Amino acid sequence: METFTKQQWMVLLTLGCCNFLAGAVYSLQAPFLPAEAEKKGTSTTFAGFVLGIYELTGFIACPLISGRVLRKLGAFKCFHIGILTTGTAILLFGFLNRVNNTTAFIVCALSLRVFEAAGASTTFVSSYGFLNVAFPNSLATAFAVMETMFAVGMAIGPPIGEVFYELAMGSENWSFTVPFLTMGLVLFATAILTSTILLRPMRHMEESKSEQLIPNDKAKVNCNTIENACARVDEIGNKKIPGFRNFIRIPSIFVFYITVMGASMCLGFTTCTLEPHIRQFNLAPLQTGGMFLIFGSFYAGTASIWGIICDKFKKPIFVAIFGCLLIILAFTFMGPCSLIPLVPSLQLTAISLAFFGLGIAAVYVSGFLLIVNEAKRNGFSDNGATSSCASALWLSAMHLGCFIGPIFAGYLFDNYGFGVESLFLIALFTFILILLIVVLSLVPQAHEIQVCIKPTVEEKTPLLIHLHDKNLTLK
């Protein structure tokens, strides 16, 4: 793994803080919405649907954002538009307790959650595009840090909300509002700060990277942003234009898409049915929360390690295969699987959750890197646009799995029990494991990471791209 420069550390810390806030916002509604929904005459089922609509919106929004929206506005503008949209939605969410009409409450809650998810998706897609520009040889490590920060924020979000709720307990109307109002204002401040912190290092890195492009002679392009300039250079050089459809049509990338979606399905299964499964052990509420914390701790604690391994050994597909094996092992003994004559035990479940956290982290980190690398191998340029589209594909798979996972989990658990549910997930990941081995056998280059080699001074001198404030002239 290469040593990070001062500018890289600045980008990493800034984007890491944004991902931390995104995770906190994502989980902030969970402790408060069900009780407020019951006060307005709706059910807990509706509250669950409001929370789940986030995943469906992300699945739909990510491919749309990675297309014309990102190419037209540029990653930098999309990043800040996403933060401001999320901040506005979460701030207004805090005033839902003042909506007394049941129908209006339902419409407002769903609409704000959709806008929140759309804003978050815009931020994620554009920010992951920055990573490819800022960390060309340490992409897996940087991505893993982002995932770690999101996981930490998701775990800390509800406790932070409870603290602000307690501080405002003197006023019934403001106790619900203050947590969301505070988080919305923090996001507004973040958008302002990141607009100044990220602008200089990202422009410098994009200018440095643009020097490696080889344009046609006497070509002139008028562009307002560096992102659009790089995309236009790709068109001049007859490069493939990154896009969701162009990516998903590549068989190996489709396999990686299914892999990430399957991991998210497992996450949805566990989130939905773990508590009913461990209810048989008669645990106290704090102990039940501790069981969920086991998975989260191993996921957040090892994501960065998997990223370093991917960057150091340049073999992300082997990390993905190992992650699949860990997930299969976890669900074999978590239930345990209906084919194994073992009695459910708390200790076995806890150990299985640890393996599950390790496996999910390995699949998530390697899955993103595999999609990016395979896109480059199939003729797409090594730039932020390709990375943004890859992140959109990865996020879409994750959102889809998290949306449909709880639906299947509830049906299988109610009708067949946790043992059969585990058997279904084992069969799913056995199939995914076979697909990954087939890709490794038929596409040997898919497991290798292409290293970005900086050109020498002699190589760069005749190919310089002169960047001006409003126009880009290629000589």
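A residue is called buried under 20% relative accessible area, exposed over 50% and partly exposed in between (1.4 Å probe, protein chains only). The structure is a predicted model, in which local features need pLDDT of at least 70, side-chain atom pairs count only at pLDDT 80 or more, and totals for chains, interfaces and linings use all residues. Residues are numbered from 1 along each chain as its sequence is written, and side-chain values use heavy atoms, with hydrogens and water left out.

Cysteines were examined for bonding. A disulfide is a covalent bond between the sulfur atoms of two cysteines. With a disulfide taken as a pair of cysteine sulfur atoms within 2.5 Å, the search of the whole structure returned 0. For Cys 17, the closest cysteine sulfur belongs to Cys 18. The two sulfurs are 7.0 Å apart, which is too far for a bond. Cys 17 is partly exposed, at 45% relative accessible area. Cys 389 is buried, at 2%.

Helix packing was described next. Helices are DSSP runs (H or I, at least four residues), numbered from the N terminus. Helix H1 spans residues 6-28 and helix H5 residues 102-134. Their axes lie 11 Å apart, at an angle of about 160 degrees. Axes here are lines fitted to C-alpha atoms over the stretch in contact, and angles run from 0 to 180 degrees between N-to-C directions. H1 is therefore roughly antiparallel to H5, a term for angles over 145 degrees. The crossing of H1 and H5 is left-handed, meaning that the near helix is turned anticlockwise from the far one by less than a right angle.

Contact means heavy atoms within 4.5 Å. On the H1 side, the contacting residues include Val 11, Leu 15 and Tyr 26. On the H5 side, Phe 124, Phe 130 and Leu 131 are among them. By class, this contact has 10 nonpolar, 3 polar and 2 charged residues. Ala, Val, Leu, Ile, Met, Phe, Trp, Tyr, Cys and Pro count as nonpolar, Asp, Glu, Lys and Arg as charged, and the others, Gly among them, as polar.

Backbone geometry was considered last. Most residues other than glycine have a negative phi, and most peptide bonds are trans. The bond from Gly 335 to Pro 336 is cis, with omega near -5 degrees. Pro 336 sits in the loop between H13 (316-334) and H14 (346-377). Asn 282 has a positive phi, near 55 degrees. Asn 282 lies between H11 (251-278) and H12 (285-313), in a loop, and is exposed at 69% relative accessibility. Lys 314 also has a positive phi, of about 60 degrees. The loop between H12 and H13 holds Lys 314, which is partly exposed at 22%.

Definitions and conventions: Helices (H or I, at least four residues) and strands (E, at least two) are DSSP runs, numbered from the N terminus. Angles under 35 degrees count as roughly parallel, over 145 as roughly antiparallel, 65 to 115 as roughly perpendicular and the rest as oblique.
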